[in-house]
Amino acid sequence: MTDARPTSTPENLTNDAFAGGPLDLPGWRHVYSGKVRDLYEPDLPALGGVHPLGDVVLVVASDRVSAYDHVLSPGIPDKGVVLTQLSLWWFEQLADLVDNHVVTTEPSAEPGDGLVPDVVVGRAMICRRLEMFPVECVARGYLTGSGLAEYRAGGEVTGIPLPDGLVDGSRLPEPIFTPATKAEVGEHDENVPFDEVARRIGGEDAARLRDLTLAVYRRAEEIARDRGVVLADTKLEFGTVPDGGTGAERIVLGDEVLTPDSSRFWPADSWEPGRAQPSFDKQFVRDWLTSDASGWDRAGGGEPPALPADVVRRTRDRYLEAYERITGAALA
């Protein structure tokens, strides 16, 4: 794993820049931004027409934080570093189960050489370009969130019947695969039954994604539990790459994996079914926005106010604690 260097920035770039839009990175051309990540393609003319590592992209995790479909200000310092470094750690733990899209995190030796620019070292990965499946692969081992809402409405989640008497935070008899459609930025993912995924991408691929998702969840849940952390649920994304010269396609784990942005992590020592659980994520942000202190009317359609310094600090501390509890090491 690379040195995270969370405070290493050039003199003309402060940490605030990582909470804004894309950066001007030598050797790379910005092509897309999501809520948190910015995607760059190689500047091929500057590289002589081909990237030395093949068909790759640069994925940069910003410090942006979103809630209730709004990107908020300011960002959470070092959040992008935590997301990237924790993903890299998990990719290592899962390497025997499924291949992943990471090619390298090697820093540039000189500007524009096609490796990771120094300013984003620690928060960036050079990855294989994948043909992504149009589905969010969600595994749930505990009942909460949208799964709880579905259960309360009909006793099942994405068509999977569950026992009577479950409450918020209940551990399920066994993990379940509850896929969702991918939504555009600003829209909500929609939970769908397995049969709908099979209809969209084919039964064989759907079954493979289900099996991989549940295998990843079971491995990660055991690792987290041994470290005093409950992994309630997680969202994974998969894509395909050509499998050598065979003409076949190989399924690869992409995006981020098992971070506080893509998963619900709860402290095991305070897990108590029947109530909302404290979590290692941006809960402080959500709680403040919906409190009287923020003065924000969520239903009014206006932009949320700036986050106070103490909310930013406590949220940053929560992300760092998640990293340290799970990996057993401090963020470098």
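**Ground rules.** I'm working on a predicted model, where local features need pLDDT of at least 70, side-chain atom pairs count only at pLDDT 80 or more, and totals for chains, interfaces and linings use all residues. Residues are numbered from 1 along each chain as its sequence is written, and side-chain values use heavy atoms, with hydrogens and water left out.

**Entry 1: salt bridges.** I looked up the total and got 25 salt bridges in the structure. The criterion is a side-chain nitrogen of Lys or Arg within 4 Å of a carboxyl oxygen of Asp or Glu.

I began with Asp38 and Arg64, whose side chains pair up at 3.0 Å, N to O. Asp38 sits in strand E2 (residues 37-42), while Arg64 is in the loop between strand E3 (56-61) and strand E4 (66-67), so this pair links parts that are 26 residues apart in sequence. Strands (E, at least two residues) and helices (H or I, at least four) are DSSP runs, numbered from the N terminus.

Buried or exposed, I wondered about Asp38? Asp38 is buried, at 4% relative accessible area, and Arg64 is buried too, at 6%. The cut-offs are under 20% for buried, over 50% for exposed and partly exposed in between (1.4 Å probe, protein chains only).

**Entry 2: around Asp38.** I listed the contacts of Asp38, meaning heavy atoms within 4.5 Å. Leaving out residues up to four places away in sequence, Asp38 touches Gly21, Pro22, His30, Tyr32, Ser33, Leu58, Val59, Val60, Ser62 and Arg64. I also checked Asp38 against Asp195, 157 residues along the chain, and their C-alpha atoms are 33 Å apart.

**Entry 3: two further pairs.** Asp243 bridges to Arg250, with 3.5 Å between the closest N and O atoms. Asp243 is partly exposed at 31%, and Arg250 is partly exposed at 27%.

Asp317 pairs with Arg313, and here the closest N and O atoms are 3.8 Å apart. Both Asp317 and Arg313 belong to helix H6 (residues 309-327), four residues apart, or about one turn of the helix. I get 37% relative accessibility for Asp317, partly exposed, and 47% for Arg313, also partly exposed. Elsewhere, salt bridges with shared partners connect Arg29, Glu41, Asp55 and Arg129 in one network.

**Entry 4: H3 on H4.** Helix H3 (residues 194-201) packs on helix H4 (residues 203-226) at about 130 degrees, with the axes 7 Å apart. That makes H3 oblique to H4. My angle classes are roughly parallel under 35 degrees, roughly antiparallel over 145, roughly perpendicular from 65 to 115, and oblique for the rest. Axes are lines fitted to C-alpha atoms, for helices over the stretch in contact, and angles run from 0 to 180 degrees between N-to-C directions.

From H3, Phe194, Val197, Ala198 and Ile201 meet Gly203, Asp205, Ala206, Ala207, Leu209 and Arg210 of H4. I sorted the residues of this contact into seven nonpolar, one polar and two charged. Nonpolar covers Ala, Val, Leu, Ile, Met, Phe, Trp, Tyr, Cys and Pro; charged covers Asp, Glu, Lys and Arg; the others, Gly among them, are polar.

**Entry 5: H1 on H4.** What is the angle between helix H1 (residues 79-93) and H4? I found about 110 degrees, with the axes 11 Å apart. H1 and H4 are therefore roughly perpendicular. Trp89, Trp90 and Gln93 of H1 make the contact with Arg219, Ala220 and Ile223 of H4. By class, I have four nonpolar, one polar and one charged in the contact of H1 with H4.
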